[in-house]
Amino acid sequence: MSLLEVKNLRVEFPTRRGTLVALDDVSFAIAPGEVLGVVGESGAGKSMTGAAIIGLLEPPGRIAGGQILLEGRRIDNLPYEQMRRIRGREIGAIFQDPLTTLNPLYTVGRQLVETMTTHLPIGPGEARERAIGWLEQVGIPAARERIDSYPHEFSGGMRQRVVIALALCAEPKLIVADEPTTALDVSIQAQVIALLKRLAREKGTAMMLVTHDMGVIAETADRVAVMYAGRIAEIGPVREVVKHANHPYSQGLMASIPPLDRRVERLQQIEGAMPRLSAIPKGCAYNPRCPHAFDRCQTERPDLMPAGRTEAACWLHAEGSAR
Amino acid sequence: MRAFFDSDLWWSFTRSPVTVLSAVTAFVCIAGAVFAPWLAPHNPFDLASLQLLDAFKPPAWSAEGDLAYPLGTDDQGRDVLSAIMYGARVSLLVGFAAVAFSTLLGVTLGLLAGYLGGKVDALLMRIADIQLTFPGILVALLVDGIVRAALPRDVHDQIAVFVVIFAIGISNWPQFARTVRGSTLVERNKEYVQAARVIGLSPLRIMVSHVLPNVMSPVLVIATLSLGFAILAEATLSFLGVGVPPTQPSLGTLIRIGNDFLFSGEWWITIFPGVALIVMVLSVNLLGDWLRDALNPKLR
Amino acid sequence: MFAFIISRLLQALPVMFTVSLISFAMFAYVGDPVAIMLGQDFTEAQRQQLIRDLGLDQPFFVQFATFLGNAVQGEFGLSYRLSRPVAELIAERAPATLELAFTAAFIALAVGVPMGVYTGLYRNSWLSRFFLTFSLIGVSLPTFLIGILLILTFSVWLGWLPSFGRGEVTRLGWWSTGFLTWSGIKALILPAITLGLFQLTLIMRLVRSEMMEVLRTDYIKFARARGLSNRAVHFGHALKNTLVPVITIAGLQLGGIIAFAIVTETVFQWPGMGLLFIQSVGAADIPVMAAYLMLIALVFVTINLIVDLLYYAVDPRLRVGRGKGH
């Protein structure tokens with residue numbers, strides 16, 4: 001059985017100029033211990049999907065349809081208090097910027113201890129011992145001394161390690177990591193990703209890794225979902241999507257990654273820009289930029305359908321459609 | 001001037017019922033005060049018309065009220081409504097004059113500080129900082145007290161209104177000066193000012209003609225918000241007995257005089273001038289708030 | 001820590017210096033102290049003697065230095081109006097003003113902060129709207145009118161509370177307190193509310209806007225994502241972060257309480273320093289005005305210093321070196 005299942009998720013933002021649909025018909029599943037990478041341009045709805053799963057959509061955003069199931073239990077319609085007990089305990093979260101994610105006025109030890117005592121049946125003394133253990137596991141040197149330091153006394157990379165410890169310390173089954181390395185120095189990104197990957201494997205924690213960095217996905221994820229304008233364009237095993245993408249958008253995205261093994265004169269780029277939420281075109285949202293678009297793409301919106309060894313939301317792969 | 005009343009400003013004005021209401025109220029207050037000699041039912045300063053028999057009449061709607069005195073009369077038989085209208089005249093006069101004075105002073109000093117820079121700038125801003133450490137009303141009280149001590153009593157009584165205007169004006173200049181200084185610093189380093197110097201034009205003159213239009217909106221907002229402060233400051237000084245002389249009673253003076261009759265039950269002598277003061281200040285403050293939001297490009 | 005205090009004290013010096021210069025200038029150049037002190041009948045010799053006694057024939061800097069030396073010892077000469085030492089007058093009135101100011105400050109903080117937190121957390125509840133409307137009126141109402149309205153309601157109409165004076169006071173050494181008698185406490189209620197109301201509304205609005213700001217930050221979102229209880233998020237994490245700006249501005253506002261005490265004391269005939277000051281302004285009593293000015297400046301400087309220290313205690317980022325917690 002899947003650990004997390006998202007079914008036909010729809011998120012809306014009511015505004016003065018009408019309702020914007022931020023996520024439309026998003027469905028995917030994550031198996032226990034699996035790492036699902038979610039990629040796409042900024043504004044495609046990656047972070048929004050993560051926020052919807054942990055139940056912390058920014059108002060006035062709201063889930064307008066679909067279901068989110070954790071181990072078969074619906075969590076999208078839980079009262080605040082019940083959902084709170086799931087956050088941190090069942091689903092951990094890692095945010096983008098470690099400089100702003102930690103409360104500057106409390107020591108890292110206090111923040112770890114309060115997270116554990118909130119969720120686990122342990123006292124402050126034991127929580128403190130475990131906190132030291134967690135800091136060691138995420139690679140903070142001299143953890144026993146550093147536990148009483150304030151966030152500003154750590155570097156950015158070290159702070160993100162603290163954030164990872166905070167996300168994992170109540171032993172959740174799933175981690176939603178929203179661009180965990182984007183704000184870090186390039187030299188540190190690889191270390192932090194390696195740490196995340198190692199810990200997830202050791203603890204058997206599943207992960208939804210949101211990023212726009214295909215390199216990170218290729219290295220870390222088991223499967224990958226490509227998002228475009230609030231919908232999933234393609235989803236499948238990471239090797240397949242990277243090497244043999246079936247959606248024209250994924251193909252464009254993959255072509256824009258600089259290959260490591262050969263020199264290229266010029267990276268390809270996708271013409272145009274992703275539409276704003278208020279102006280999503282009729283039919284397939286990608287059709288104005290798509291080199292293969294044909295009549296049907298402009299009138300009918302494609303759902304995910306089997307395509308090669310992945311699933312793609314593209315009419316090119318519809319039964320009887322000529323490629 | 002026309003630029004202020006462009007469509008954007010007007011649009012945001014008509015969209016806010018509270019603002020429209022405050023504008024109407026402020027207009028009524030100002031009109032009532034300015035045209036008091038023609039609009040007021042009685043002349044409270046015409047001793048011949050005062051009748052002690054009419055003293056302490058309650059408002060017209062109570063049992064012993066008299067329709068001739070809608071808001072009742074005071075201890076000398078003066079019509080409270082008329083006294084309020086004449087009093088508001090003094091309050092508004094002092095308020096507007098004090099704001100005009102601090103605007104003039106603040107804008108001039110701000111321009112000088114920003115343009116000259118260096119020691120003049122450091123000195124002026126240091127003075128402003130020190131003054132801002134203290135509440136405006138305290139500064140006004142102190143300036144008033146010093147002038148009072150420096151002048152012989154009869155001279156002081158003659159120019160008391162100007163002393164109050166001066167004291168309140170002085171207490172409020174740093175706000176204007178800081179804003180104008182900031183804009184001046186920005187303008188000073190722009191190329192056209194340097195260019196003006198090269199071709200022999202006076203950079204100061206060029207700057208004044210370029211800086212002033214830029215700072216008009218913030219200055220207007222500060223001035224509107226200061227008007228409320230100035231009216232309240234005048235009322236407070238007069239209430240404390242160190243403001244305008246009793247021969248030209250302002251709203252604050254009326255409240256102080258009426259305060260003596262609070263215990264004998266003649267509450268209307270002090271409460272109605274108080275209500276008039278609140279309504280006036282509240283409408284001016286709401287207008288100022290709206291103007292600040294409407295002219296703030298961040299919120300638009 | 002020590003260096004921090006020293007640097008703050010050095011920043012306070014120019015303020016104190018300027019204020020003493022103004023005080024001194026008032027003493028030396030405003031009005032004619034000799035004429036005031038001599039009265040009607042005097043000989044030229046008496047006049048010269050007095051000028052020498054007062055040191056008015058000395059050069060400016062000598063006079064200023066003497067003035068500063070005396071001021072440090074609390075020596076401000078005789079009041080023109082009451083012919084008593086200024087220091088004595090002020091010491092007599094100080095307890096009344098300080099008790100009033102502290103009670104008002106306490107009310108402003110104890111009511112203003114919770115109201116600010118509530119309106120910040122529940123922005124759209126009807127109670128929040130009510131508090132906000134109330135605060136707009138509180139900001140626009142002049143202090144003396146609040147006092148008059150309270151007197152009219154609670155003293156004149158309802159007859160519950162006294163409208164003037166301090167009630168019965170108890171002497172504790174040179175200090176006189178109204179806290180120990182029922183009548184003293186009753187007399188304190190209306191003036192303290194009058195004085196505290198304006199600051200209360202300001203503090204409420206400040207806490208509200210800071211709270212709304214902090215609730216939008218990442219670390220609050222992360223605290224929620226960690227599953228902390230609402231209580232821990234709102235009061236443990238959010239409120240503590242609003243404290244830094246709130247302490248700064250509230251500190252300055254509380255300084256304002258001392259200044260507005262002048263008005264409140266006049267309305268309620270409260271026998272404190274403010275009433276003394278306003279009577280001195282009316283009578284051009286320069287020594288009292290000068291002493292009061294210096295005292296107020298000292299209070300403001302002290303409050304600023306305390307604010308800085310609190311700031312330092314709340315925000316670990318200001319502490320140098322590796323903090324070890326407490």
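**View 1. A:Gln298, a partly exposed residue in helix 12 of chain A.** In this predicted model, A:Gln298 has 13 C-beta neighbours inside 10 Å, so it counts as partly exposed; the cut-offs are 20 or more for buried and 12 or fewer for exposed. The residue belongs to helix 12 of chain A, which covers residues 295-299. Set aside the neighbours within four places in sequence, and A:Gln298 is in contact with A:Lys282, A:Gly283, A:Asn287 and A:Ala293. For a sense of scale, pick out A:Arg73 too: A:Gln298 and A:Arg73 are 225 residues apart along the chain, and 38 Å separates their C-alpha atoms.

**View 2. The open, eight-stranded sheet of chain A.** Read across the sheet and the strand order is 6-7-8-3-9-10-12-11, with mixed pairing. Strand 6 (91-94) and strand 11 (305-307) of chain A sit at the edges; each has a single partner strand, so one side of each has no neighbour in the sheet. On average, neighbouring strands here are turned by 20° against each other, direction ignored.

View 3. Zoom in on strand 3 (residues 35-39) and strand 8 (residues 206-210) of chain A: the two run parallel and are joined by four bridges. One residue to look for is A:Gly37, whose bridge partner in strand 8 of chain A is A:Leu209. As a reminder, strands of a sheet pair through backbone hydrogen bonds, either parallel or antiparallel.

**View 4. Helices 9 and 10 of chain C, packed together.** Helix 9 (residues 218-225) and helix 10 (residues 230-267) of chain C have axes 10 Å apart and pack at an angle of about 150°. Angles over 145 degrees count as roughly antiparallel, so that is the label for this pair of helices in chain C. The crossing of helix 9 of chain C past helix 10 of chain C is right-handed. On the helix 9 side of chain C, the contact is made by C:Tyr219, C:Ile220, C:Ala223 and C:Arg224; helix 10 of chain C brings C:Val233, C:His237 and C:Ala238. Sort the residues of this contact by class and you get five nonpolar, one polar and one charged.

**View 5. Where chain C meets chain A.** Chain C puts 24 residues into this contact and chain A puts in 27. Helices 9 and 10 of chain C turn up again here, each supplying at least two residues of the side of chain C that touches chain A. Helix 9 of chain C gives the most to that side, with seven residues. By class, the side of chain C that touches chain A holds eight nonpolar, seven polar and nine charged residues.

**View 6. Where chain B meets chain C.** Of the two pairs of chains that touch, B and C have the most contacts between them. Here 32 residues come from chain B and 27 residues from chain C. On the chain B side, the elements giving two or more residues are helix 5 (118-133), helix 6 (136-150), helix 11 (203-239) and helix 13 (268-295) of chain B. Helix 6 of chain B gives the most, with ten residues. By class, the side of chain B that touches chain C divides into 22 nonpolar, eight polar and two charged residues. Chains A and B, meanwhile, do not touch; 15 Å lies between their nearest C-alpha atoms.

Methods
Residues are numbered from 1 along each chain as its sequence is written. Chains are lettered from A and ligands numbered from 1 in the order in which they are written. This is a predicted model: local features need pLDDT of at least 70, side-chain atom pairs count only at pLDDT 80 or more; totals for chains, interfaces and linings use all residues. Axes are lines fitted to C-alpha atoms, for helices over the stretch in contact, and angles run from 0 to 180 degrees between N-to-C directions. Angles under 35 degrees count as roughly parallel, over 145 as roughly antiparallel, 65 to 115 as roughly perpendicular and the rest as oblique. A crossing is left-handed if the near helix is turned anticlockwise from the far one by less than a right angle, and right-handed if clockwise. Two residues are in contact if their C-beta atoms, placed from the backbone, lie within 7 Å. Ala, Val, Leu, Ile, Met, Phe, Trp, Tyr, Cys and Pro count as nonpolar, Asp, Glu, Lys and Arg as charged, and the others, Gly among them, as polar. Two strands pair if DSSP finds at least two bridges between them.
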